[in-house]
Amino acid sequence: MNIFAARMNELYGLIQHHSELYYDKDSPEISDAEYDLLVRELNALEKDYPQFARKDFLTHKVGGTPSDLFAKVNHETPMLSLDNVFNFDELENFFTRIKHENNFTCEMKIDGLAVSLIYEDGVFVRGATRGNGHVGEDLTENLMLVDDIPKRLKNYPSGKIEVRGEILMTLDRFNALNKIREENGDNLFANPRNAAAGTLRQAPRNNYVIKERGLDIFLYYVVDAQKFGITKQSDALTWLDELGLPVQKAWKLCKDFDEVKNFVTDWEVERLKLNYVTDGVVIKLDDLTLWPEIGTTSHAPRWAVAYKYPPEEARTKILDIKISVGRTGVLTPVAILEPVKLGGTQVQRAGLHNADEISRKDIRIGDIVRVRKAAEIIPEVISVDKSMRNGEEKIFTMPERCPACNSEIVKIPGEVAYRCPNRASCSAQLKEALKYFASRDGMNIKGLGNRLSANLVDAGKVKTLSDIYKLKFDDWIQIDKVRERMANFVMSQLEISKSRPLVNLITALGIKDVGKNAAALLVEHFGNIDAIKNATIEEIASIEGIGTVIAESVREFFANEANLNLIEDFRSMGFQMGSEIKITGKKLDGKIFVFTGTLSTMTREEAGEKVKALGGKVSNSVSSKTSYLVAGDKTGSKLVKAEKLGVKILSEQEFFDIINLLQ
């Protein structure tokens, strides 16, 4: 076989494999930049040797294959991809090729999941993924759970409006999610794009995680914009914003090639300050009346192009591999690096995630490696330069005993993680658990941060979470850098924390898979900690939004004697062990209230307590049994569902008029 034909066949196989991992399984093995290099090499070979090209191959198509898990949606107007350029010469060729000197919009290229949203008379009725560009997946039910998507538009024209954009996960949420997954011994998401795609494409029985993890969206395209009197892409972005649809602020109207170059250059560094991942700039001809004339290819418009930034990477040496122990006992290997500059900061450590990842990449102590900032934030090792090995490199093996407490390490079948099982007295786990216990979603103990938590454990003052409430003033000032004023402040915060609601305590306990939302559902359903403690897996799993995985974690936690002793310790100290709501009457007996949007005079939780005090019930979801939906500002999908079911909808003022009348 011809050498070039052989290489093209190899590239077809590689690109097919990695594309399926990226689009269909949300689990890439290589970076976007490495994938782009494969595609660029193939495109060049296809140009030079067209006789060997496969015209039906996926590089001439868009996206991935729609999943059989969801119903199919035909896009009336195809959802196209974008051609990429990687330097200013290629960008200038784009300008020359379209033969127009008009204005151009420059928009940051969001690394997310492309979706289409359809509104009828201002109400969100359907949402779908791009799929292969012509057929996508109907994810309406899941998209309804994305708080950032308005379920009713502002100042909308009548009829059908189709808009398109990108579902994303912010860096803050991504890092928090991966931290939890690492602590639980789960595989980490490769990047925010895959975390967002994996979250949104949950089967209906698991889609509660969409609310738990949180997703966002930016819209950037109006289908048939001229139907609404829009003739410029810049006006389309403004119009989307006026409808109440989220539009990223990082865009600009540029009048010529030089202004576009300046935008691209300025944002190469500036984008690192954003709370979401961008990997380039999308440049579009602003006059969209010219788009049909310029046309499209089978997979991309000719009137737009994406300028891709090179990933920031550096070469350095792995000096050592250390182990950190998380609050759930998971052992995480960390590479200690020869210091290297990356993303404007000095990098000396990089996460290696788990032993399987080290083995897959064949990472050894002493290796010369390429590192980059994953999601522009977390340093990670991309690959090893094996040509630089001299035989002195050391193969890393996970320790047999915990480096913090010397307990024998266990590996649970089916998990990638190695764990220290000594939750009762492992100092490393206790430090992390104490930090989590004191966090804002937990007991919100101001002043009890990372360093102080670690110092308390190292000094032997804290051997279990409840010990921090038993410390005297003299105990505090014996801790390094804790002075009299600080000691008094932390002690006062500890006393205040005892009165925090049961939801905070359940969250603070660090039960596997139980975050603040799940804790709230448990407390709302069972009412007190004893009912939660005694509930069966089936009873817990029956709660909407909980499921079997969380139920098993809750049951496992309360089956542990040390945890039960901890609860009793907290009870004896006066912690809130149940709902504080006092029933003052039965005037709302049998009535079920649901709240949506933001209330101006109090939180939804406080309003719910008023309902319960009058004998009513509060639910998180709208159903045919719902008596009233109380709608504040920025309402979500609950309002749409309530309207469809004919549920009585109350304004905030109407709700409080009823409450005041019955009190």
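**Notebook: strands, sheets and helix packing**

Axes are lines fitted to C-alpha atoms, for helices over the stretch in contact, and angles run from 0 to 180 degrees between N-to-C directions. Helices (H or I, at least four residues) and strands (E, at least two) are DSSP runs, numbered from the N terminus.

I note that the model is predicted: local features need pLDDT of at least 70, side-chain atom pairs count only at pLDDT 80 or more, and totals for chains, interfaces and linings use all residues. Residues are numbered from 1 along each chain as its sequence is written, and side-chain values use heavy atoms, with hydrogens and water left out.

Strand E4 (residues 113-120) is joined to E5 by six bridges, and valine 115 has threonine 129 in E5 as its bridge partner.

I then turned to an open sheet of five strands, ordered E2-E11-E10-E3-E9, in which the pairing is mixed. Its edge strands are strand E2 (84-85) and strand E9 (251-254). E2 pairs with strand E11 (residues 304-308) in the parallel sense over two bridges, and asparagine 84 stands opposite alanine 306 in E11. H9 lies across strand E3 (104-110), E9, strand E10 (278-285) and E11, running at about 160° to E9.

**Entry: two helix pairs**

Which helix did I find crossing H9 at roughly 145°? It is helix H3 (residues 88-98), whose axis comes within 11 Å of that of helix H9 (residues 257-270). The contact is made by Phe88, Leu91, Glu92 and Phe95 of H3 and Phe257, Val260, Lys261, Val264 and Thr265 of H9. By class, I recorded six nonpolar, one polar and two charged residues in this contact. Ala, Val, Leu, Ile, Met, Phe, Trp, Tyr, Cys and Pro count as nonpolar, Asp, Glu, Lys and Arg as charged, and the others, Gly among them, as polar.

Helix H12 (residues 427-437) and helix H13 (residues 450-458) pack at an angle of about 140°, with axes 9 Å apart. H12 and H13 are therefore oblique to each other; angles under 35 degrees count as roughly parallel, over 145 as roughly antiparallel, 65 to 115 as roughly perpendicular and the rest as oblique.

Is strand E13 (residues 330-342) mostly covered or mostly open? I found 10 of its 13 residues buried, that is, under 20% relative accessible area, with exposed over 50% and partly exposed in between (1.4 Å probe, protein chains only). Seven bridges join E13 to strand E12 (residues 313-325), and the two run antiparallel. E12 and E13 form a hairpin with four residues between them, and glycine 329 in the turn has a positive phi of about 90°. Six bridges join E13 to strand E14 (residues 345-351), also antiparallel. Alanine 335 stands opposite isoleucine 321 and opposite alanine 350 in E14. With strand E20 (residues 418-419), E13 pairs in the antiparallel sense over two bridges; leucine 331 has tyrosine 418 as its bridge partner there.

Technical notes
Two strands pair if DSSP finds at least two bridges between them. Contact means heavy atoms within 4.5 Å.
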